[in-house]
Amino acid sequence: MSHEIRTPLNAMLGILVLLLRFPLEPDQRRRAEIAHVGAGHLLALLNDILDLSRLQADCLALQPKPVNIRALIEGITAILSASAQERGLGLRTRLDPRLPDWLVCDPVRLRQVLLNLLGNVATFTDDGEVVLSVAHNAALSGGVLGIEVRDTGPGIAPQVRTGLFRRFVHSDNLSTRHRAGTGLGLAISRQLI
C-alpha cells in the first residue's frame, strides 16, 4: 500500500520542485510553493501513519550502524535553524564533552525522534530559545544517550502531560490549536525509543 500512495505523491513533489525552478509570476510562485509545502506535509503524515502501522504490527526493524553522532545532531539543528531564526527563536545544542564521535544506532529513527521532539518544542515556543542537550552514559550496557529538549515556551498543562505521548493527543489550549499536527509524532517517538 505504501508504494501505491507514496509513488504518486513523490511524483507530485518532484514536479513541484521542477516547476519552482522556472521563472514564475509572483502569484504562480506562491501557489506552487503552497502546493509543495502541502504535499510535503501529506508525505510526512503518510510516513507517520505507515510507521505507526509497522510499530503496531511489530514489523519495524531498527537498522543499527556506526554513526557520527555529532554530525547527525548538527544536521538536525541545521534543518530546524532557519525556521527557528525566522520566528526569532534561538536554537542551541549542548553536547557532553564525553560524547564519542561515533555510536552505533539507527540514524534514520534517531533523526526522526529528535526532529519530532525539537519540532514540537519549536512549534509551541513563541520567543526565547530551544536547547537540545545530549549526554552519554558509557557505564550502562552498550552506552546510552541522554537527550533533553528544553524551551522557554508556555509549558504543558499538567492534565495534558499524562497523555502527551499517546496517539492523536493534542493540547486543549485553544490558542495553540491552530499549530497542532496529527498527534502521531510523539507517540511514534515513544515507541521507537
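At 36% relative accessibility, Arg87 counts as partly exposed (buried is under 20% relative accessible area, exposed over 50%, partly exposed in between, with a 1.4 Å probe and protein chains only). Asp126 is partly exposed at 48%. This is a predicted model, where local features need pLDDT of at least 70, side-chain atom pairs count only at pLDDT 80 or more, and totals for chains, interfaces and linings use all residues. Residues are numbered from 1 along each chain as its sequence is written, and side-chain values use heavy atoms, leaving out hydrogens and water.

Arg87 and Asp126 form a salt bridge, with their closest N and O atoms 3.7 Å apart (a side-chain nitrogen of Lys or Arg within 4 Å of a carboxyl oxygen of Asp or Glu). Arg87 lies in the loop between H3 and E2 and Asp126 in the loop between H4 and E4, so the pair ties together parts that are 39 residues apart in sequence. Helices (H or I, at least four residues) and strands (E, at least two) are DSSP runs, numbered from the N terminus.

The structure holds seven salt bridges, and a network of them links Asp27, Arg30 and Arg31. Asp27 meets Arg30 at 3.0 Å, N to O, and Arg31 at 3.2 Å. Arg30 sits three residues from Asp27 in helix H2 (residues 26–56), about one helical turn away. Arg31 counts as exposed, at 55% relative accessibility.

## Helix H3

Helix H3 (residues 69–86) has a kink of about 35 degrees centred on Leu80, the bend being the angle between axes fitted to the seven residues ending there and the seven starting there. Leu80 is among the buried residues of H3, as are Ile73 and Ile76. Just after H3, Gly88 takes a positive phi of about 80 degrees.
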